[in-house]
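Please walk me through the pockets of this model, one selection at a time. I have the structure open in a viewer and want to know what to select next and what is there.

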Amino acid sequence: MGTATPQVEGVDELIAALPKAELHVHLEGSIVPELALRLAARRGVALPGAERGVEGLREAYRFASFRDFLKVYIALSNTLQQAEDFSDAVFGIAEGLAAQRICWVEMTFTPMTHVTQGVDPDAMLAGLADGRRRALDQLGVEFAWVFDVVRSLPEQGPQTLELALRARDQGVIGLGVGGPEGPQWSVAPLAEVFERGRSEGLKSVPHAGEQHGPPSLRETLDLLAPDRIGHGVRCLEDPELTAELADRQIPLEVCPSSNVALGVVPSFAAHPLPRLLAAGVELSLASDDPPLFGTTLIEEYQRCAAAFEWGPAQVLAIAQAGVRHSFMPEQRKRELLAAQRQVAQAHASQP
Ligand SMILES: [Zn+2]
């Protein structure tokens, strides 16, 4: 760890070449400045710093506090008003994913943020569906959706579930919980909504153990029966909880640059990812809100490889975890795992 760690020759090339799955990324937080300006101009929405163009907006993206982060996030959400906005946002994001060879993405979306702003739910769902179809047809990027509820607004749970079920044939695979995390925001009021979601075949994919520690994870395990957990990195504060996650093989979606940017960990080098792996916890790498945290999925892999001295085998193992922990059809999983192994073998046999 520490500084100036040696980089294994060619690891960056392997990272770029591997077909990848991304399991923890938010739609609103994936809108790069160029796309944001286009969407904002169409609807006359003011974005922070935008009077100075892409550069000004890029600066606003380098927020100083969680409050600044929310300000930009909400402004980005406000650019999405009509079906074509949602469609163009999805397609624009998909272009960035295709460039990174991400072929499967489970993207979190917060429908009620938009509906409570007056967006027509049918137009919103139609726009998401249209963008998803174009992304698959033109770019080969397949979207699945996790519709999430803001933890501090559990009264939006039932309607979120209703929208998720309505859009199930448009790729909605699960329910999530996001937003602020702390002892004052229990997930207990969401237990019933998640129970109903699970009985309808939706996966449970809540955030937990990021801004709040083991009590939040304990509650999430007890009340929401998670199939996977967003972040979860603070399980390490409780060895029993860590052992339980490992034993029950509940995978974490780990987003190191997000954790650094939001002050969950002091630095990339100090990130607990290696300790989680050593404890036997299943995890994949993800980017959360990439342009807002100055990253991409590829950069998350590269930064981990540099900080934790990963060689090709470790890079491949993490990329395979992303596929194994995904909710793609089993046949697709087998094909993608095989394609990843092929790319790694070709990489290894290069002179
Ligand atoms: Zn997240």
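Start at the second largest pocket, which holds about 300 Å³ of space. The model is a predicted one. Select Ser30, Val32, Ile93, Gly96 and Gln100: of the 22 residues that line this pocket, these lie nearest its centre.

Next, colour the elements that give two or more residues to the lining of the second largest pocket: strands S1 (20-26) and S2 (102-109), with helices H2 (33-43), H5 (83-99) and H14 (297-308). H5 supplies the largest share, five residues. Colouring the lining of the second largest pocket by class gives ten nonpolar, eight polar and four charged residues.

Now colour by domain. Domain 1 (11-31 + 84-348) and domain 2 (32-78) both contribute to the lining of the second largest pocket, so this pocket lies between them.

Move on to the largest pocket, with about 570 Å³ of space. Select Leu70, Tyr73, Val150, Gly179 and Pro180, the closest to its centre among the 26 lining residues.

Then show helix H4 (66-78), helix H6 (111-115) and strand S3 (142-150), each of which supplies at least two residues of the lining of the largest pocket. H4 gives the most, seven residues. By class, the lining of the largest pocket has twelve polar, ten nonpolar and four charged residues.

Keep the domain colours on for the last stop. Domain 1 (11-31 + 84-348) and domain 2 (32-78) each provide at least three residues to the lining of the largest pocket.

Terms used
Residues are numbered from 1 along each chain as its sequence is written. This is a predicted model: local features need pLDDT of at least 70, side-chain atom pairs count only at pLDDT 80 or more; totals for chains, interfaces and linings use all residues. Side-chain values use heavy atoms; hydrogens and water are left out. On a 1 Å grid over the protein atoms alone, a cavity is a set of points where a 1.4 Å probe fits but cannot get out, and a pocket is an open set with protein on both sides within 12 Å along at least five of seven lines; lining residues have an atom within 4 Å of a point. Grid points are joined across faces, edges and corners, and a volume is the space filled by probe spheres set on the points. Helices (H or I, at least four residues) and strands (E, at least two) are DSSP runs, numbered from the N terminus. Ala, Val, Leu, Ile, Met, Phe, Trp, Tyr, Cys and Pro count as nonpolar, Asp, Glu, Lys and Arg as charged, and the others, Gly among them, as polar. Domain bounds come from an automatic or database domain assignment.
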